Amino acid sequence: MSTKSTTLTSKNQVTLPAVLVRRAGLTKGVRLSVRLENGTIVLEPQAEVRRMVEEIQAALRPKVRKPLSDIELQAALRGWSKK
C-alpha cells in the first residue's frame, strides 16, 4: 500500500486522501473508530460498516472466497446505500 500525507488543521481535522477512501470502500457519513496504538493513530470503520461489507461480499460471491476488487466493492456499496 502506498503512503499518502495530509495536514492537521488548527481544529484538529484531517482530510483523508481520496485514493485511500476509495480503496477502503468508505462513503460519506461512515463512522470511524479512532484509537492510539503504540503511538500510531488508527482509523477503522465501525463494526456496522465491516459487517455490511462482509454481507455484501457474501451476497455477491457466495461460493468464492476471493475478496472483491475495489471496483466491485464500491459498486456494491453504492447499491447498498440506495436501499
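**Notebook: core and surface of a predicted model**

I first traced the order of elements from the N terminus, which reads α-β-β-α-α. I counted three helices and two strands, taken as DSSP runs numbered from the N terminus (helices: H or I, at least four residues; strands: E, at least two).

I noted that this is a predicted model, in which local features need pLDDT of at least 70, side-chain atom pairs count only at pLDDT 80 or more, and totals for chains, interfaces and linings use all residues. Residues are numbered from 1 along each chain as its sequence is written, and side-chain values use heavy atoms, with hydrogens and water left out.

I then looked up burial (under 20% relative accessible area is buried, over 50% exposed, in between partly exposed; 1.4 Å probe, protein chains only). Of the 83 residues in the protein, 16% are buried.

Next I examined the largest nonpolar core, whose seven residues are Met52, Val53, Ile56, Leu68, Leu73, Ala76 and Leu77. Such a core joins buried Ala, Val, Leu, Ile, Met, Phe, Trp, Tyr and Cys residues through side-chain atoms within 4.5 Å. Two or more of its residues come from each of α2 (47-60) and α3 (70-81). With residues up to four places away in sequence not counted, Ala76 touches Ile56 and Leu60 (contact: heavy atoms within 4.5 Å).

Finally I turned to Val14, which lies in the segment before α1 (18-24). Val14 counts as partly exposed because its relative accessibility is 44%.
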